[in-house]
2 protein chains.
Amino acid sequence: MRAPQKPRLRAADDAVSEFTTARLSLYLRCLEALDAAGTRTVSSTALAERLRLNAAQIRRDLAHFGELGVRGVGYDVKELRRHLRQILGVDRSVHVAIVGAGNLGRALADYAGFRREGFDIVSLFDTAREKIGQSTRGGVLVRHLRELPALAGRERIDIAVVAVPAEAAQEVVDAVVGAGIRAILNFAPGTPHVPSHVKLRNVDLALSLESLSFFLAQEKHAKAERS
Amino acid sequence: MRAPQKPRLRAADDAVSEFTTARLSLYLRCLEALDAAGTRTVSSTALAERLRLNAAQIRRDLAHFGELGVRGVGYDVKELRRHLRQILGVDRSVHVAIVGAGNLGRALADYAGFRREGFDIVSLFDTAREKIGQSTRGGVLVRHLRELPALAGRERIDIAVVAVPAEAAQEVVDAVVGAGIRAILNFAPGTPHVPSHVKLRNVDLALSLESLSFFLAQEKHAKAERS
DNA sequence: CTCTGTGAACCACTTCACAGCA
DNA sequence: TGCTGTGAAGTGGTTCACAGAG
C-alpha cells in the first residue's frame, strides 16, 4: 500500500455535527455563485462576510475533511466546490422518491430547487386509486405505493420524502424502511420511529409557524409587562 | 399596582432558546392528544417517554414560564395545554399571508395542518398578472403583491410565508417588512436580510435533502475506508 | 505580510441529582 | 412516597488567538 503524499480529502473520522452539515450546504451554494462570477479563490473571512458567519467556524467546518485551503491564499473556489459536492454526496445524481401525491407532495415533485441542486425526483407514490397513473404538471408519474419496493431497487432510490397526513406517516415510513431506503425527509407532524441505521429528518411546517408566533407573543407579553 | 398572589404564567425574563421553543410545540401537540384521550394529568416522565426526550429537559423548558406543575402530581393536561397555547400565541387565531402562488405557495395555502394548529391563511399574493384573481383548490384568492400593505393593516397579518424563487426573495422580504409584518417564514434558498426587529425563519428544502445525502455519503466513505 | 488550521477558552444546551413541596 | 423545580456538572458547538505555512 502506497502512502498518498497529500491526502486532499479525508473522510471525517470524528462525527460531523448536524450544524456543520447544514452550513456545508450554504458554503456550496456560495461557491457556486462565486464560481459563476469567475472568482478563483476565496478566504474564510470573505465567505464569512457573505454568509454572515464567523470565519473561524468556516475554517473549522472545512478542516474536518482535510487541508482544503492554502495558507496565505485561501480556498480555491473550483476545487472546494468539487470537494463539497463530493462530501455532500451530490457529485452524482441523487435519486429521490416522494410518497404522498397530495398538494404538498405534488408541489415538491415539481419543485425546481431540487433538480437545480442535483436531486432527481424519480417517482411519486400514493395509495388513492384515482391518483395512480396521473402525472403532475412537471410530468412526474404517480405510482401505487406497493410498487415502491421494486422501484427502490431498480431505480436505486437514495432518499424518500414523506408528504402524507400525520395518521399515515408511521405506516408509510415503515414501508419506506422496508424497501431498504436509508434516508427520509418527513413533512408529517410528529416524529415517526425509524431503526437506528436510517436517517430521519423532519420538516414540521406548523411547528415553524408556531416558533414565529411564539416570538410575536413574547414581544407582546414583554410590552404588556413594561407598562 | 397589586401583587398577584400566585403568578401562574410568568413572562419568560431570560430569553428562551430556539431549541426550547421548538419543543414547546411538540409538548402542545402531545397534550392535545392526551386531552382528546381524556387524560387529566401527566408527569414529565410520561411526556418524555412519549416524545423520546429527557424528563428534566421538559421540566426545565416549562419552568421558564412559571410553576406550571404540581409537585408529587405532575401537570394538569387541560391547564398546561391552555398555558402552552398562550405562550406560543396560538390562543387566538394567527393571521398568515403567503407570498408566491407557485406550486409550493398554493400547496401551503391549502395545507390542512396550518388550520388545524390555529393558523388562518388570510391571503395569497403574487405579481404574475395571469394568477391574480384565481383561487386555489382550497379557495384562497390570489391578490397582487401591491395590495399587501393595505391588507396587512386591515387583516392584521401576523406572519408572512415567502415561497418565491431565490432571485425574488430579498425583494419580497423587503416588501413584507415594509408592510409592517414582523415574522417571516422563508422557503427560498439563501437567507435574505431583515432588520433586527423582524424574526426570520428559513426552511431550506434543498439543504434538508443535502443533509440526508451527506449522511449517505459518509456511510459510503466509511465503508470504503474500512476495506 | 496573509490566511489557514487548531489548542484553549468560552458559552449554551442538556442531564444529573437532589432539595422541597404535596 | 411521587414528582416538580433547580443548582451543579457534563457535553458539545462556537469563538478567540496564535503558531506556522506560503
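Me: What should I know before reading the values?
Reply: This is a predicted model, where local features need pLDDT of at least 70, side-chain atom pairs count only at pLDDT 80 or more, and totals for chains, interfaces and linings use all residues. Residues are numbered from 1 along each chain as its sequence is written, chains are lettered from A and ligands numbered from 1 in the order in which they are written, and side-chain values use heavy atoms, with hydrogens and water left out.

Me: How many residues are in contact between the chains?
Reply: Contact means heavy atoms within 4.5 Å. On that basis, 68 residues of chain B touch 68 residues of chain A. Leu209(B), Glu210(B) and Phe214(B) supply 12% of the area that chain B buries against chain A, more than any other three residues. Together the chains bury about 6100 Å², with 64% of it on carbon and sulfur atoms. Buried area is the accessible area (1.4 Å probe) that two parts lose on being put together, summed over both.

Me: How is empty space found?
Reply: Rolling a probe the size of a water molecule over the atoms shows where empty space is left. On a 1 Å grid over the protein atoms alone, a cavity is a set of points where a 1.4 Å probe fits but cannot get out; a pocket is an open set with protein on both sides within 12 Å along at least five of seven lines; lining residues have an atom within 4 Å of a point. Points are joined across faces, edges and corners, and a volume is the space filled by probe spheres set on them.

Me: What lines the largest pocket?
Reply: Its volume is about 2400 Å³. The lining has 49 residues, and Arg201(A), Asn202(A), Leu207(A), Ala22(B) and Arg201(B) lie nearest the centre. α1(B) gives the most, with 9 residues. Helices (H or I, at least four residues) and strands (E, at least two) are DSSP runs, numbered from the N terminus. By class, the lining has 21 nonpolar, 12 polar and 16 charged residues. Ala, Val, Leu, Ile, Met, Phe, Trp, Tyr, Cys and Pro count as nonpolar, Asp, Glu, Lys and Arg as charged, and the others, Gly among them, as polar.

Me: Which element gives the largest share of the second largest pocket's lining?
Reply: α1(A), with 6 residues. The second largest pocket holds about 630 Å³ of space. Its 24 lining residues include Leu26(A), Arg29(A), Cys30(A), Leu51(A) and Gly190(B), the closest to its centre.

Me: How many cavities of 30 Å³ or more are there?
Reply: The structure holds 1. The largest cavity has a volume of about 40 Å³. Its lining includes Pro189(A) and Asp204(A) from chain A, and Arg29(B) and Tyr111(B) from chain B.

Me: Where does Thr191(A) sit?
Reply: Thr191(A) is in the loop between β7 (183-186) and β8 (199-202) of chain A. Its phi is near 20 degrees, a positive value in a residue other than glycine. Thr191(A) is partly exposed, with a relative accessible area of 41%. Buried means under 20%, exposed over 50%, and partly exposed in between (1.4 Å probe, protein chains only).
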